Each structure stands twice: as structure tokens, then as C-alpha cells.
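Hi everyone, thanks for coming. Let me put the structure up, and then I'll walk you through a cavity and some salt bridges.

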Amino acid sequence: MMKRKEFMLGATFGLVLAAGATAGGVIDWPTANAGPVAGKSGRLAPNAGPAGLFAPPQGAPLSFADIFQQVAPAVVQINVESRVSGPSTFRVPGIPFAIPVPEGEEGEEGDGRTARGAGSGFFISRDGYIVTNNHVVADAVDITVVLADERELKAEVVGRDPATDLAVIKVEGSDFPFVQFEEQAVPRVGDWVIAVGNPFGLGGTATAGIVSGLGRQNIDPDSSAGYVDFLQIDAAINTGNSGGPTFDIYGRVIGVNSAIYTQTGGSVGIGFAIPASIAKPITERLIQDGKIERGYVGLTLTTPRAAMWEAYGLPRNTEGALVTEVTPGGPSDRGGVQIGDVITAVNGEPVEDSTEATRVVATVRPGSNIRLDINRGGRSTTASVRAGTRPSEEELRQGLLGADSGDVPEDPSAGAEGAAIEGVSVTTLTPALRQRYRLPASASGVVITGVARGTPAAELGLGAGMLITHADRRTVSSASELRSIVQAVRSSGRSGVVLFVIQPGGTQRVPVLLEFEAAD
């Protein structure tokens, strides 16, 4: 549970990060104000099926060629140059490791080097608006769009929304071929899909597969947002496909390719697309306002599984969102919300889980008052919170707790009080241990120094250097305090205790259920 999964958000995302990613060379086109592309202009109208129906026509899928020929002119390759600080590597949101910077030009006046990358996009209007992923064009200093007939046009960013990984860019011109988002039909698991894009710089590439899953959430462990229920597809998407369209069997856009799950860097048949139901309203707002503003209350929420609710002293079918972080000095902190609270409703509207709670809050206009209904230790209460404006995703990724750092002392356990509880050896947090394990400066609790083999704690993945800050929603400041809480929970007849844990070098708490060993 504590092990980080390797997601390549953006290794799909199109930043190829290699010279010559563009298929073909640079072509000098005398007319930058484009007209028809590949002999096509205006809205592309493939032979659509009945409204609201996804079943393929009789005989499908004998070939996807006709659909591809009809919609491919609206799909573009996006080449970007981004300013890179630092000598040889840089980091991209969503990728858990540093990426080597390819050969590029030095920036002016010591601004750093530039890195080249590529992604995909598609026209949604005849006057040049193009949808792509935010991570394709974020921090870009130069954007070139390559059309289906290989003409190249300069583009400017209209608006970006990192929270949904969507962006809109625009090229000058008119009468471009474009496609539209499907708003009525709802895809089903098993329906055919076609992904068109620019994998590895090979523009005009089509891959086919099916919808493999619906409503996939939290696919990026670095992301603090929860605004997208992704479509999972098995049509092969790779580096450079990000921002390209996912079509149904009739050539209607049902998603925007955004990420893949991979352990190798290549496609393993698990891709994720932002559904049209989310992409359409976001891109419309970006075209109109250039940005997306959301309400913000300064909470990090999660949805426990049934066994954790039960260990928390609540019914297994409890609906709501568990508060795992409260931003110090933020709206909820001022409103009295506490770590361990369960949010059951927002402005009187019941919320099923953390995703729903986050989305309801996001729809509130900044500056408005929000009423949160809370279950606190089995008692009902309310909190009145004045909504702020949600910070950028980059700011939120930095964590809600400030990290401390420093040299490792010679004796990191000096003066610490220790104890063994449920197979977990813990000791009081000292300044030396905080530095050794790079724990947040403002966090308090007890540090795990060891875990007995074969115990539930070992199977759970608890290990040395993790900080336990809360047990059964109560703060923990010493080993004896943790022992007292655990004994009380065990005596109550519950099967385990909910702990809030911060990993070494981490900045956010994670709730875990430590099940009790059977008594001798």
C-alpha cells in the first residue's frame, strides 16, 4: 500500500525530449494563414450512428480506414521548445524521476537551455482552436503545429488547466477541418475506440482497441486534484500521443489521451483518456476566460475502504470523505476542521466520497461561504468555511507540510523514548530523527524504528523512518500515548486501528489500517 507505483504521466504526454522528434524536416510554407488541410475544411462530419448509441454498425470492425480518413485531417502534431533550468536534467509533473535534457540551444542572458518535445492535439473549431494536454505546452517558449498535410504554423497558448491536464492553443487562419466532442452517447466497457496522434514523432498514426474501464481516478500519485474520471483504453498510446483524440467507431471524440500506466516507458495496453464530458466544458471555459478558477478550502481528502470505516468506529457502508490534511492557516483550519474528521455533506448536499466532495467544493465561487457537515468521532457537527481560490497544482504538489532538511546527526536516537506496539517499534520524534528521515518541520508524532517480520504491520508495508502522527483520529506525541490509544481501540472490540502515517521524505499523511494480531 505504501509502495509507489510507476506512472508515466507525460511519458505519454508527448514531451519526447529528443532531437528530431518531428516526423520529416522543416518545410518552408509561404502562406502561414492556412486554409483547407489535406483537401478538407469546415466541420468534419463522418457517418455518425444513431444519437446516443455506441453499438458499431453491422460488419464493424472489419476496418477503421474510412473513419481514420474522415477525421485524421483534424489531428495535429505539436512541437514545443521549453526553457530548462539546470545543467543536465529537469523534472516534469507526474514523472517520479529526473529526465536528461537533450541537446539544445543556450538561452539568452543565462536563462538556461531549451528542450524540444512533441505531443498531439486536434482542431475543435474552423478558426484554429486546438485542444491538447496541459503538460504538452506547459512552460513552452515556442509552439509549432504541424498539420496533416505537413504545413507548419506557429501557435499561442489560449489557456491551461493543470488540474484536468487540458489546454487550448490557437493558430492563425480559417476554415480548418475540425471535430466535435460527443455529448450524448456514454461509452461502455468493451466499445471500440481509435486513438490518433503523434507517437514518437510519427504523426498521423492510428491505433485501435476497446474501452477497458470507466471512472478511473487518482491515476497520478503526485496529483492533488480529483476532477477527472478517466476512460481506460487499450488502444496503444505512447510518447507523443498525449493531447490527441480518442474516437468512437463513428469518428466522434469521446476522450483526450492523457496518460499511460507503464513500468517500462512503453505502452502495456493501459492508457487513460479525459472523457468528453469533462474536456468539453473545460476547453470552452479556457477559450472564454483563459483560465479555470475553483473554490478551495484547504483540505486533503481520501475515501477509506469499508474495513477502515469499521475500524474507525463507523458503519462499513459509510459515505463521505476522510480529512487527512488541513492546510495551516487555510480556510478550513480557520473554520475548525480537524484531521480525522469525516465530511458527509457540502452545503447540504451529501457527498459519497472524496472525489465528489472535491468537485462540489470546486464549483463554489471563491469568497463564498461553505457549510461542511462533519462526523467527528461519532458526533455530528458543522463547520462554516469561507472558500478561497484553489492554488496551482504545482503549489499544491509541494505539500501541505513544510519539509525540514539537514545533515544526519551521529546519534539520531539520542534521548528518545521507545516501545514495541503491535509488532511496531516506535520512538519519540527528536530533531535528529526529523533530519535523518527528512520529515516535515511542522509534523509531530512517533517514528517507526523497526517492524517485526510476519506481523500485520510488516504485511501492511510499515517500515523504519515512517512517522505516525495520529491513531484513531487522536494526535500522538509519544510511544506511551500510542500504546494507550491502541489498547483502548483493541478493548472496544474493533479489528484494527487507523493510523495516519508520513513516509520518509514525504509531505502528506496517509491513513492506513493496522489490523490487530489475534490474542494468545
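**A cavity and its charged neighbour**

So, what lines the largest cavity? The lining residues split into 10 nonpolar, no polar and 1 charged. Keep in mind that this is a predicted model.

A search of the whole structure turns up 1 cavity of 30 Å³ or more, and its volume is about 60 Å³. Around the largest cavity you'll find I421, E422, V424, V426, L462, I468, L482, V486, V497, L499 and L514. Strand β25 (424-428), helix α10 (479-491) and strand β29 (496-502) each give at least two residues to that lining.

Now look at E422, which is part of the lining. Its side chain meets R490 in a salt bridge, 2.9 Å from N to O. These two come from distant parts of the chain: E422 sits in the loop between β24 (418-421) and β25, R490 sits in helix α10, and they are 68 residues apart. Buried or exposed, what is E422? With a relative accessible area of 17%, E422 is buried, because the cut-off for buried is under 20%. R490, at 31%, is partly exposed.

On to the other salt bridges; the whole structure has 17. One of them joins R509 and E325, at 2.5 Å from N to O. Here R509 lies in the loop between β29 and β30 (510-515) and E325 in strand β18 (residues 321-326), 184 residues apart. Both R509 and E325 are buried.

R188 pairs with D191, with the closest N and O atoms 2.9 Å apart. R188 is partly exposed at 46% relative accessibility, while D191 is buried at 5%.

Last stop: E182, D248 and R252 are linked in a salt-bridge network.

Definitions and conventions: Residues numbered from 1 in each chain as written. Predicted model: local features only at pLDDT ≥ 70, side-chain atom pairs only at ≥ 80, totals over all residues. Heavy atoms only, no water. 1 Å grid on protein atoms, 1.4 Å probe; cavity = no way out; pocket = protein on both sides within 12 Å on 5 of 7 lines; lining within 4 Å. Points joined across faces, edges and corners; volume = space filled by probe spheres on them. Helix = DSSP H or I, 4+ residues; strand = E, 2+ residues; numbered from the N terminus. Nonpolar A, V, L, I, M, F, W, Y, C, P; charged D, E, K, R; others polar. Salt bridge = Lys/Arg side-chain N within 4 Å of Asp/Glu carboxyl O. Buried < 20%, exposed > 50% of the residue type's maximum accessible area, 1.4 Å probe, protein only.
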